[in-house]
Amino acid sequence: MSFYNRACKLNQFSRLLHSIPSNLASNSTRSCSGVVTSRFREPSEPILQQRLLPLGCNTIQSNGCSFHCCHKRSFSTEAPDQIPPRGRGRTLPKLMDFPEIIWPSVMKSVKNWIMVHFIIRPYFDREFSLPDFVQGAKQALQVVSASLAGGEIKSLHGLVDRTALNDLKYSIEKMSVAQRYDLMVLKEDIYFSFPYQVGVMFDEEDEESQKRFVEITMVFHVLKGLKDMVERGESIPLNIGVMPEYRDKISICNYRFIKEFTKGVDSDWTVNVVSHFKPSDLLDE
């Protein structure tokens with residue numbers, strides 16, 4: 001059976017899964033890709049463009065997953081405008097307009113498994129491993145967050161999508177130094193992470209080029225200072241997410257990664273959505 005025919009059958013199965021109600025956070029993200037989405041990008045979203053890496057950039061290799069990253073730069077000490085551009089009542093203003101995802105969805109987890117084992121591995125990359133991808137995504141989160149904390153948006157060219165960079169530049173310029181510092185994440189401070197949604201986009205109208213993209217939305221739960229707590233030998237409570245003393249130290253990051261898998265195209269994973277928020281801000285709204 002051809003890739004296109006198999007994809008259409010899986011797409012029908014995806015619609016069947018969508019008809020089953022989910023009690024978890026299934027309505028907290030955009031409707032982007034079911035199991036397989038034709039027309040790889042909605043008109044309102046930019047098509048990923050191939051770009052040359054600037055000087056000073058390198059590539060992270062994590063168990064077979066390749067992420068373009070740039071070297072860290074020194075932390076900026078200049079004080080930008082103190083007024084956050086969005087979310088005036090939040091301690092951590094929004095970086096981009098993106099639904100805030102906190103918990104996994106059972107239906108999406110089932111569809112993610114189908115996507116990886118029946119589409120990505122057989123047709124795109126036989127060596128693809130979701131656990132390996134998650135480890136590479138954590139490293140990318142650390143690099144991106146460090147650049148945002150330092151106000152070094154230019155250093156993210158090649159790792160973050162151009163349109164996303166424009167949104168981030170606008171938001172970062174309106175943040176205080178303290179708010180920017182709060183964006184910095186060490187991968188050792190991540191205590192829970194999961195792939196929320198895996199999707200494949202292809203252009204069914206252009207059968208000659210057969211452009212194909214894989215897009216993965218990741219969710220990271222972060223406790224600032226967790227690495228130091230572990231090094232000191234402190235016990236970490238299982239219910240740390242609901243304990244008042246850790247309320248202001250917990251943040252959640254939503255990152256969406258995309259990679260082109262068109263035959264003959266050599267590309268790496270890049271980021272097209274960056275979202276940091278605090279659960280405590282959502283409770284206060």
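# Exercises on a predicted model

Phe194 is buried, at a relative accessible area of 7%. Keep in mind that this is a predicted model. With that residue as our starting point, let's work through some exercises.

## Exercise 1: an aromatic pair

Task: Classify the ring pair of Phe192 and Phe194, and find out how exposed Phe192 is.

Solution. 
- Step 1. The ring centres of Phe192 and Phe194 are 5.3 Å apart, and their planes meet at 40°.
- Step 2. Planes under 30 degrees apart would count as stacked and those over 60 as edge-to-face. The angle of 40° therefore makes this pair tilted.
- Step 3. Phe192 has a relative accessibility of 30%, so this residue counts as partly exposed.

## Exercise 2: a second pair and its cluster

Solution. 
- Step 1. Phe261 is buried at 12% relative accessibility, and Trp269 is buried at 2%.
- Step 2. For the whole structure, the search gives 11 aromatic pairs.

## Exercise 3: a nonpolar surface patch

Task: Name the residues that make up the patch around Tyr191, and say where Tyr191 sits.

Solution. 
- Step 1. The patch is formed by Trp103, Tyr191 and Phe192, which together have about 290 Å² of accessible area.
- Step 2. Tyr191 is located in strand E4.
- Step 3. Its relative accessible area is 32%, so Tyr191 is partly exposed.

## Exercise 4: helix H3

Task: Compare the span of H3 with its expected value, and decide whether the helix is enclosed or open.

Solution. 
- Step 1. H3 covers residues 130-149, 20 residues in total.
- Step 2. From first C-alpha to last, the helix reaches 28 Å, close to the 28 Å expected at 1.5 Å a residue.
- Step 3. Of its 20 residues, 17 are buried, so H3 is largely enclosed by the rest of the structure.
- Step 4. After H3 comes Gly151, with a positive phi near 70°.

## Exercise 5: salt bridges

Task: The structure has 5 salt bridges. Work out where the partners sit for Glu173 with Lys169 and for Asp182 with Lys278.

Solution. 
- Step 1. The closest N and O atoms of Glu173 and Lys169 are 2.6 Å apart.
- Step 2. These two residues are 4 residues apart in helix H4 (residues 162-173), so about one helical turn separates them. An α-helix has 3.6 residues a turn, so residues three or four places apart point the same way.
- Step 3. Glu173, at 41% relative accessibility, is partly exposed, and so is Lys169, at 42%.
- Step 4. In the Asp182 and Lys278 bridge, the closest N and O atoms are 2.7 Å apart. This pair connects distant parts of the chain, 96 residues apart: Asp182 is in the loop between helix H5 and strand E4, and Lys278 in the loop between strand E7 and helix H7.
- Step 5. Lys278 is buried, at 7% relative accessibility.

## Exercise 6: a charge over a ring

Task: Find which residue lies over the face of Tyr181.

Solution. 
- Step 1. The residue is Lys224, at 5.3 Å from the ring centre of Tyr181.

Conventions
Residues numbered from 1 in each chain as written. Predicted model: local features only at pLDDT ≥ 70, side-chain atom pairs only at ≥ 80, totals over all residues. Heavy atoms only, no water. Expected span 1.5 Å × (residues − 1). Buried < 20%, exposed > 50% of the residue type's maximum accessible area, 1.4 Å probe, protein only. Phe/Tyr/Trp six-rings, centres within 6.5 Å; stacked < 30°, edge-to-face > 60°. Lys NZ or Arg CZ within 6 Å of the ring centre and 35° of its normal. Salt bridge = Lys/Arg side-chain N within 4 Å of Asp/Glu carboxyl O. Patch = residues over 30% accessible without salt bridge, like charges linked within 9 Å, V, L, I, M, F, W, Y side chains within 5 Å. Areas by Shrake-Rupley, 256 points an atom, 1.4 Å probe, with all protein chains shown as cover.
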